[in-house]
Amino acid sequence: MINNNYKNLKDSYLFSDIAKRVASFTSANPDKKVIRMGIGDVTLPLCTSVVNAMKSACDEMSNAATFKGYGPEQGYDFLRNAIVDYYKEQDNVELAADEVFISDGAKSDIGNITDLFSDDVNILIPDPVYPVYVDSNIMLNRNIILADANEENGFLPMPDQSVKADIVYLCSPNNPTGAVYTKEQLKIWVDYAKTNNMIILFDAAYESFIVDKDLPRSIFEIEGAKECAIEFCSFSKTAGFTGTRCGYTVVPKSLVVEGMNLNKMWLRRQTTKFNGVPYIVQKGAYAVFTSEGQKEIRANIDTYRENAKIMAETLTAKGFKFTGGINSPYLWFKCPNNMGSWEFFDFLLNNAAVVGTPGAGFGKNGEGWFRLTAFGSKENTIEAMDRLSKLTL
Ligand code: PLP
């Protein structure tokens with residue numbers, strides 16, 4: 001009766017363990033100000049354009065003449081078209097509006113996409129990784145092959161001819177490592193996927209943090225990707241929608257596997273199991289693409305990027321090896337003196353009252369590494385880095 005695969009899920013104690021250790025530190029040191037740089041959640045509020053758009057959408061909902069009931073499951077055209085324009089302007093990528101599916105965030109779609117594939121599919125997942133890729137496949141007892149992401153490959157694994165997989169998850173800019181694939185590297189993945197009939201599930205949740213013009217924000221900047229890739233994106237980190245909930249998934253119409261068109265399959269899946277994102281939220285997301293909205297969200301992203309810069313400078317001055325920080329809100333560094341991830345967590349908490357995330361929580365290759373996020377306030381970031389730089393290691 002029961003899906004026994006759930007027994008194979010490892011309980012994630014990562015954030016509850018962190019919370020317990022922080023609670024015991026705080027009760028022993030009530031006078032110390034703890035600075036949290038662990039959880040990847042934004043702190044700046046929604047920008048004015050988004051809030052105003054949602055308020056006026058609320059007014060529309062309060063009036064019988066403009067009230068909206070069920071909307072299209074795959075999203076309103078105004079938002080899908082705005083996303084098409086964004087891809088064209090930012091990346092020179094041509095999409096059709098019906099290749100864009102609006103969702104309540106990237107996590108749901110990343111979890112739900114498994115519906116499109118058969119039970120005997122082989123899944124390649126980098127380690128360390130955003131845990132949703134692993135757990136959503138364990139729930140279905142899919143065969144998971146881990147690809148090592150480590151210091152040697154800059155936490156950017158490349159195709160390995162000896163490994164046969166049907167699907168690969170790639171996340172760039174990466175959570176937790178902040179590493180970003182170049183166009184050349186993604187071209188190798190795309191060519192490999194096409195030759196080996198593989199599908200790339202590309203998680204671009206952090207694309208808006210890319211500043212380096214040569215780095216790809218979208219897999220569809222790579223020639224041939226429309227025949228082998230699906231892309232997930234989100235307003236969460238781009239525009240502070242972590243609590244508001246909106247994202248989108250791009251499924252190209254030219255993605256055809258074993259005679260099945262994945263765009264049509266995803267449309268069928270969504271229209272069957274999903275009833276769309278609230279009109280009010282989609283209006284808010286639409287405002288992100290107006291010129292005022294773009295200015296406002298860019299200012300917020302710049303605040304986080306400025307934090308990341310301050311953090312990168314401190315880590316560099318301390319002689320830490322790290323990835324991320326420039327094109328990503330995450331900084332991922334090697335724990336000093338060969339400390340383990342949790343050992344360094346305790347050290348940093350006890351000696352600097354700064355909370356980060358132990359890399360071991362993201363997979364075996366994360367052991368000995370540590371993640372800090374740039375999503376805090378500038379004031380706290382400066383203070384935390386000041387404390388870190390004064391540590392005797
Ligand atoms: N993908 C990655 C790599 C993430 O780190 C996150 C959230 O932290 C998500 C997807 C989920 O984003 P959303 O808030 O849109 O569900």
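Buried means under 20% relative accessible area, exposed over 50%, and partly exposed in between, as computed with a 1.4 Å probe on protein chains only. The structure shown is a predicted model, in which local features need pLDDT of at least 70 and side-chain atom pairs count only at pLDDT 80 or more, while totals for chains, interfaces and linings use all residues. Residues are numbered from 1 along each chain as its sequence is written, and side-chain values use heavy atoms, with hydrogens and water left out.

**View 1. Glutamate 99 is buried and has no salt bridge.** A salt bridge is a side-chain nitrogen of Lys or Arg within 4 Å of a carboxyl oxygen of Asp or Glu; for glutamate 99, the nearest side chain of opposite charge belongs to lysine 226, 4.9 Å away, where Lys and Arg count as positive and Asp and Glu as negative, and His and the chain ends are not counted.

**View 2. The side chain of glutamate 99 reaches the backbone nitrogen of lysine 253 at 2.7 Å.** Leaving aside residues up to four places away in sequence, glutamate 99 touches several residues, including Val250, Pro252 and Asn263 (contact means heavy atoms within 4.5 Å).

**View 3. Seven strands form an open sheet with mixed pairing, in the order 2-8-7-6-5-3-4.** Strand 2 and strand 4 (143–148) stand at the edges with a single partner strand each, so one side of each is left without a neighbour in the sheet. Strands are DSSP runs (E, at least two residues), numbered from the N terminus, and two of them pair if DSSP finds at least two bridges between them.

Notes
Polar contact = N/O pair within 3.5 Å; in protein donor to acceptor, adjacent residues only side chain to side chain. Helix = DSSP H or I, 4+ residues; strand = E, 2+ residues; numbered from the N terminus.
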